[in-house]
Amino acid sequence: MKKAIKALWHCIKAFFMAVVEGTAILFGMNDNSKYGRVLRRIVATGFTVVVVFWAARGVVYFIDEVDWDDFDLFIGDDDYYLSEKLSDDVFFFDCYYDNNGYVANANGKKLIKEVNWVSRPQGDDSLVCYCNGEKRGYFHMRDGKVVVKPAFNHAWVFSEGLAAVEQAGKVVFIDTTGKVVIDRGFAYDADVDGYVFHQGHCAVNDSTGKCMGLIDRNGDWVIAPQYEKIVPIDTFWFVGSEDKEAVVTFGMDTVIPMTQASFSIKDSIILATFNDHTM
């Protein structure tokens, strides 16, 4: 170790001597007398110090200006980088060349190994959905402890205290202990973006998988399953069947009744496109 430090110091000295000599030549100070050499080194060293000072200021300015939170931080020699901060003491580290990441605490201790990806919960929920490469489970975002072991082929984030998981082709809902609390035979549909509660309601398929409706947190139908699609966008439910759509708030207030049009949100407006292509 000492030899390496000594060699590095000699390299630094040689570099600065080369800069000094180069600066002297740049200024045309070629007098090889003792006085000329001393004067040359004084001037060249002063110039070099000024250059190094401004270069250091530039580096400090760059460090201060860059928002390092936007960058992936490589950790040690493990080829892992910080992918997501889940809480003050729990972090997810991904690997840049494969999917074998891990969850660790602030001290670098690995809490969960073989983690392909994580997905944060919504709102005030604290259980993180994660995949170990084959199955999905949940761990607590504040201490990294596994609460629900990976046992599901498909699982979605916790919202309002509940999470949807797929079992044998059906969607059921579990609580924060992993206990199934809603099991009404809702069919799993791979085209549905996510089974997530919004202000007490969630869009699910009926047992046939052909129609959608809205349920409450007890699993009871609030809007009967008779529509082709129900999609949450912004703070609204877009309810559609054939060439008709309606817009309902998360609080179940009708904004636009069933109309022969398709709706979308653009900035602060709801845009309606009618069958004759007028908008």
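Tutor: The model is a predicted one. Its largest pocket has a volume of about 250 Å³. The lining is made up of 18 residues, and those nearest the centre of the pocket are Val192, Asp193, Gly194, Ile230 and Pro232. By class, the lining residues divide into 8 nonpolar, 4 polar and 6 charged. Two strands, β13 (202-205) and β16 (229-233), each supply at least two residues of this lining. The largest share, 4 residues, comes from β16.

Next, Glu245. This residue is in strand β18, which covers residues 244-249. Glu245 counts as buried because its relative accessible area is 6%, under the 20% cut-off. Beyond the neighbours within four places in sequence, Glu245 is in contact with Lys229, Phe238, Val239, Gly240, Pro257, Met258, Thr259, Ala261, Ser262 and Phe263.

Last, Cys129. Strand β7, residues 127-131, contains Cys129. With a relative accessible area of 1%, Cys129 is buried as well. Its contacts, leaving aside neighbours within four places in sequence, are Trp117, Val118, Ser119, Gly137, Tyr138, Ala155 and Trp156.

Note on methods. Residues are numbered from 1 along each chain as its sequence is written. This is a predicted model: local features need pLDDT of at least 70, side-chain atom pairs count only at pLDDT 80 or more; totals for chains, interfaces and linings use all residues. Side-chain values use heavy atoms; hydrogens and water are left out. On a 1 Å grid over the protein atoms alone, a cavity is a set of points where a 1.4 Å probe fits but cannot get out, and a pocket is an open set with protein on both sides within 12 Å along at least five of seven lines; lining residues have an atom within 4 Å of a point. Grid points are joined across faces, edges and corners, and a volume is the space filled by probe spheres set on the points. Ala, Val, Leu, Ile, Met, Phe, Trp, Tyr, Cys and Pro count as nonpolar, Asp, Glu, Lys and Arg as charged, and the others, Gly among them, as polar. Buried means under 20% relative accessible area, exposed over 50%, partly exposed in between (1.4 Å probe, protein chains only). Contact means heavy atoms within 4.5 Å.
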